[in-house]
Amino acid sequence: VKEALEIDRQNGNNLWWEAIQKEMRNVRPAFQPWNGNPEDIPKEYQKIRCHMIFDIKLNEGFRRKARYVAGGHTTKTPSTLTYSSVVARDSVRIALLIAALNGLEVLACDIQNAYLNADCREKIWTIAGPEFGDEAGKPMIVKKALYGLKSSGAAFHALLANTLYEMGFTPSRADPDVWLKPQCKPDGFKYYEMVLCYVDDVLAISHQPMNIMDMIRKTFKLKNDAAEPPDTYLGAQLSLNHSGHAEGWCISSEKYLTNAIKTVEERLQKEGRKLPKTGCSTPLPEDYAPELDDSHELGPAGTQYYQELIGILRWAVEIGRCDILLEVSLMSSYLAAPRKGHLDKVLQIFGYLKSHSRRRILMDPSHPDLAATSFHQYNWHDFYPDASEKLPDNAPEPRGKVVSTHCFVDANHAGNKANRRSQTGVLLFVNRAPIVWYSKRQNTVETSTFGSEFVAMKTAVELTEALRYKLRMFGVPLEGPTNVFCDNEAVYRNVSTPTSILNKKHLAVAYHKCRESVAAGTVRVAKEDTSTNIADVFTKLMPSPKRERLLDMFML
């Protein structure tokens with residue numbers, strides 16, 4: 001802000017005041033002057049204070065931005081919902097995959113001053129400040145949903161929902177911020193149009209998505225009055241990949257991380273430090289054990305900084321950098337009381353990202369080639385006579401091309417050297433597109449590799465069931481059971497062979513859960529060689545050559 005003010009002074013202008021005036025032109029219709037005495041305002045109306053906040057849009061040529069917000073923290077929580085539209089990240093990945101698979105176009109738009117389109121759900125008033133010009137000092141009744149109010153997100157969500165309902169869309173039960181509408185191409189191909197909402201950011205997927213945007217434009221004003229193919233969404237860069245054997249959407253966090261790394265480096269520079277350059281061929285050293293770090297604990301300021309860095313890394317994982325999932329999961333265990341050594345290793349992760357900034361994922365719509373001999377079929381009727389996959393009775397009619405689902409699962413037995421808990425790693429694909437990635441320490445201490453791998457298998461089956469449910473509720477037709485690959489021979493045989501007997505009774509729940517899922521036709525299990533089990537990158541720290549080879553199997 002100081003740098004912007006200095007530039008304004010040198011150029012003899014006042015861009016901040018221009019930004020305030022622009023904001024007030026947008027926000028002024030949200031207020032209705034109270035022409036009587038303030039004492040006559042009904043008692044159910046609560047007085048609040050409002051103020052301006054300022055920002056500089058570095059990616060838009062140093063543009064100044066002002067936002068008029070209400071002090072919503074001083075109001076009582078309304079009885080209505082405070083919900084806002086937040087589409088799940090895996091839903092976005094599925095939608096981009098479906099777009100490429102069915103030959104659909106994708107358009108994005110940003111609704112301008114979104115909340116101000118909705119009526120205010122709270123009874124509040126304020127005194128106009130100097131930014132109101134001649135009306136300064138007057139009592140103002142708030143009529144529209146100001147930014148900062150607890151109910152504004154829900155008010156805008158309801159308005160947008162009504163608009164989409166009128167357009168013929170209905171929300172999916174698996175993700176209420178994914179809206180579906182049956183549609184048909186001129187050649188008779190049936191599919192579902194999709195609208196995805198993240199507050200005021202909207203994605204439309206259709207063979208004619210501009211028609212959807214034109215209908216939204218009738219109710220809302222779009223920023224720059226534009227609806228274009230997306231280049232960013234939720235902080236990730238989107239681009240169509242035309243090279244190689246498949247055409248699909250690529251998701252990259254390179255721009256997000258470039259800005260984040262720059263911010264980290266600027267702070268380190270003030271402290272006379274730099275991001276590490278050596279030893280950054282991997283995010284963390286192969287032999288590193290954060291649970292054994294005995295360096296001094298960080299103070300309150302250091303702890304807050306550590307938490308901020310982990311927050312940045314977590315979002316990078318959410319928007320595509322699943323190659324650092326394990327490392328971020330390990331370091332996230334120390335958010336409450338991090339040590340100096342933990343902070344140094346988190347900075348090493350940033351050093352790795354700086355030198356490996358181009359990793360991205362491709363929503364590849366092609367089906368993988370699988371050997372049918374990898375899977376064996378048995379008659380499970382004597383063991384689970386009533387086993388059948390639970391199909392949602394309210395799922396929409398399947399439309400579009402069929403997809404296949406695949407899962408890799410692994411566990412690092414007793415990987416934590418302090419409490420000997422194991423780490424579970426799961427990677428779920430739809431066709432060749434990675435959709436769900438998972439890495440988490442197990443809740444129990446398993447005394448054998450077999451036990452930790454079986455617990456991981458149960459987690460993989462549960463994640464698979466959730467993904468299959470979501471796909472069905474999106475109207476996506478599924479091809480057969482999900483193919484699950486694990487590298488433990490004992491788990492593979494116990495799960496896939498009806499006559500196997502479990503000797504470890506404490507694993508009975510996981511044992512029967514996985515076997516019944518096989519009997520029901522939800523999953524089928526195959527043995528995967530350890531050298532090609534890509535879920536290993538979510539369970540074990542490993543040397544760079546092996547790590548890069550596995551990453552190349554599902555990332556660009």
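Reader: Leaving aside neighbours within four places in sequence, which residues is Ala204 in contact with?

Author: This is a predicted model, in which local features need pLDDT of at least 70 and side-chain atom pairs count only at pLDDT 80 or more, while totals for chains, interfaces and linings use all residues. Residues are numbered from 1 along each chain as its sequence is written, and side-chain values use heavy atoms, with hydrogens and water left out. Contact means heavy atoms within 4.5 Å, and with those neighbours set aside Ala204 touches Glu105, Val106, Leu107, Met194, Pro209, Ile212 and Met213.

Reader: Is Ala204 buried or exposed?

Author: Buried means under 20% relative accessible area, exposed over 50%, and partly exposed in between, with a 1.4 Å probe and protein chains only. Ala204 has 0% relative accessibility, so it counts as buried.

Reader: How many aromatic pairs does the structure hold?

Author: Rings of Phe, Tyr and Trp (its six-membered ring) pair if their centres lie within 6.5 Å, and planes under 30 degrees apart count as stacked, over 60 as edge-to-face and the rest as tilted. The structure holds 15 such pairs. For Phe538 and Phe554 the ring centres are 6.2 Å apart and the planes stand at 70 degrees, so this pair is edge-to-face. Both Phe538 and Phe554 are buried.

Reader: Which residues form one aromatic cluster?

Author: Tyr115, Tyr147, Phe156 and Phe220 form one.
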